[in-house]
Amino acid sequence: MSISIRDVEHVANLARLELTEEEKAKYAEQLGAILDYAQKLNELDTENVPPTSHVLPVANVMRDDEPRPSSPIDKVMLNAPDEEDGQFRVPAVLE
Amino acid sequence: MSVLDLRLRELHDRLAGGELTVTDLVEASLARIRETEPVVQAFITLDEEGARAQAAELDNQLKHGGERGLLFGLPAGIKDNIVTDGLKTTCASRFLSNYIPIYNATVMDKLRAAQSVTIGKLNMDEFAMGGSNENSAFKATRNPWDPERVPGGSSGGSAAAVASRQVYFALGSDTGGSIRQPAAYCGVVGLKPTYGRVSRYGLVAFASSLDQIGPITKNVEDAVYVLQAIAGHDPMDSTSADVEVPDYTAALTGDVRGLRIGVAKEYLGEGIAPQVKEAVLATLKVFESLGATWEEVSLPHTEYAVAAYYLLASSEASSNLARFDGVRYGVRAENPANLIDLYRKSRSQGFGAEVKRRIMLGTYALSSGYYDAYYLKAQKVRTLIKQDFDQAFEKFDIVIGPTAPTTAFRIGEQIDDPLTMYLNDICTIPVNLAGLPAISVPCGLADGLPVGLQIIGKAFDETTVLRAAYAYEQATEHHKLRPTVAGGAKA
């Protein structure tokens with residue numbers, strides 16, 4: 001399976017990664033090889049096989065909608081790379 | 001012999017009798033770390049101060065009597081993707097190199113209740129992606145049996161620390177073999193519990209439908225106690241199973257009379273090293289002599305497991321790792337042009353090559369136009385793999401095979417070839433896809449390197465897995481072998 005540099009750039013954009021030219025070339029080759037290997041799955045007829053997303057018979061787990069204390073803001077902000085008045089500071093979202 | 005080599009019950013007797021203190025245990029652990037760490041390099045963060053304080057607290061409690069926890073006083077190492085309140089947790093990633101959690105994983109609260117002592121945080125492949133610890137952003141942990149070789153991964157630091165007797169036990173996590181494979185490579189015991197048996201709350205998510213925390217220990221008995229301490233339903237993890245936790249010490253009988261063993265044919269086929277195959281087949285004679293019976297069993301979809309796994313695990317990872325955006329914690333790139341640029345640059349600076357590769361693969365598999373061909377197809381194949389086991393367990397109590405196709409490989413040998421590296425997981429991955437419990441126990445050496453026997457059980461039947469593992473261990477001497485770095489004579 002051939003993965004082009006353009007494919008790599010498209011996927012990198014979706015994944016919010018910025019790749020060097022060298023990385024793009026390397027990932028094009030390696031992803032191609034891995035996806036080639038994945039073609040193996042097409043040997044199997046899975047027309048009538050249901051997908052498994054989860055091995056346990058899980059359903060939505062609900063709890064009562066009651067207010068509970070959250071993590072204290074000052075503690076949360078200890079790991080913030082940039083902070084102002086108990087809020088995370090980021091570049092302007094709107095131009 | 002160090003006090004850390006004592007069996008748990010004897011150790012607790014000595015503590016109760018006042019012949020030994022928790023401080024003695026912690027100091028023994030720290031001394032062993034000072035001695036072996038220059039070679040082994042298992043730790044990312046050592047918390048000497050915290051460990052000593054905890055030891056003093058437990059010694060004080062000892063003096064005043066009172067109930068002792070199940071793991072009272074035992075020095076523990078924790079894989080660095082399990083969050084520890086106030087103690088740096090990096091996932092061996094540059095992205096989180098300064099991240100200090102503000103809460104505990106549920107397993108850490110449970111260990112605190114069981115009164116073990118946290119010595120520090122152990123190396124791993126970045127975000128648990130890899131099988132060699134070469135993907136750590138900080139260091140390559142060495143195999144205590146041969147420092148030129150990898151300890152396995154991703155819980156390589158955990159396995160190496162236990163093998164070199166730096167800690168009494170360690171916690172690891174297993175998404176495609178990350179507890180069992182390093183345990184096999186390092187000659188120790190590694191247990192992956194049933195999916196849902198142990199809470200994942202506070203385990204930094206890699207592939208949420210596959211990840212599971214479990215113990216790495218010197219022997220099966222210790223694995224029993226650690227599992228007992230960490231198992232159980234947790235309202236903080238919506239995928240944790242509300243299934244009663246049995247008394248696992250019931251597994252410590254040594255009795256496997258009448259146990260029906262299926263030997264997984266596909267795990268002993270092409271690509272399995274002859275010496276590994278030989279060591280695993282030799283275990284059958286032991287089980288036979290103990291009164292168990294065995295037959296070959298086929299798990300016909302095994303050859304598709306690796307492909308299905310890498311699509312599913314990478315897809316889940318690409319989604320889970322979207323949270324690392326440089327806004328709330330971790331790396332933030334300097335001078336971004338805008339918010340999107342901040343995400344891109346922070347992630348690109350913070351993640352290593354393997355993590356980027358898997359995010360790319362997962363994003364591709366989930367992207368518009370490819371979802372059905374890759375992700376959905378892999379989910380359907382997952383069903384077939386699960387059915388293989390369902391059928392096997394109609395006839396057998398456990399299924400056995402090797403944990404890994406080879407013994408530990410040399411550092412650098414496979415790092416440029418991701419696909420070959422992925423195929424090391426052929427015997428462990430199907431178990432995660434099916435959500436089953438499985439253990440790796442030492443079953444001998446091949447050219448001086450440990451081989452692991454894998455024992456797989458039915459969902460939530462850890463007891464039978466542990467019973468078989470314990471009986472085998474009691475009947476053999478393999479688990480007593482230890483690497484030279486831990487005072488053993490190398491075979």
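Student: How many salt bridges are counted between chain A and chain B?
Tutor: A salt bridge here means a side-chain nitrogen of Lys or Arg within 4 Å of a carboxyl oxygen of Asp or Glu. Going by that rule in this predicted model, the count between the two chains is 4 salt bridges.

Student: Which residue of chain B does Glu18(A) form a salt bridge with?
Tutor: A word on the ground rules: residues are numbered from 1 along each chain as its sequence is written, with chains lettered from A and ligands numbered from 1 in the order in which they are written. Local features need pLDDT of at least 70, side-chain atom pairs count only at pLDDT 80 or more, totals for chains, interfaces and linings use all residues, and side-chain values use heavy atoms, with hydrogens and water left out. In this pair the closest N and O atoms are 3.7 Å apart, and the partner of Glu18(A) is Lys345(B).

Student: Which element gives the most residues to the side of chain A that touches chain B?
Tutor: Helices (H or I, at least four residues) and strands (E, at least two) are DSSP runs, numbered from the N terminus. Three elements of chain A give two or more residues to that side: α1 (5-14), α2 (21-38) and α3 (73-76). The top giver, with 10 residues, is α2(A).

Student: What area do chain A and chain B bury between them?
Tutor: Contact means heavy atoms within 4.5 Å, and 52 residues of chain A are in contact with 65 residues of chain B. Buried area is the accessible area (1.4 Å probe) that two parts lose on being put together, summed over both. Of this area, 68% is on carbon and sulfur atoms, and the total is about 5,300 Å².

Student: Which residues lie nearest the centre of the largest pocket?
Tutor: On a 1 Å grid over the protein atoms alone, a pocket is an open set of points with protein on both sides within 12 Å along at least five of seven lines, while a cavity is a set where a 1.4 Å probe fits but cannot get out; lining residues have an atom within 4 Å of a point. Points are joined across faces, edges and corners, and a volume is the space filled by probe spheres set on them. The largest pocket holds about 700 Å³ of space. Its lining has 24 residues, and those nearest the centre are Val83(B), Tyr99(B), Tyr103(B), Arg323(B) and Tyr329(B).

Student: What is the volume of the largest cavity?
Tutor: The structure holds 5 cavities of 30 Å³ or more. For the largest of them, the volume is about 100 Å³.

Student: Where is Arg165(B), the residue with a positive phi?
Tutor: Most residues other than glycine have a negative phi. Phi of Arg165(B) is near 60°. Its place is in the loop between two elements of chain B, α5 and β4 (169-174).
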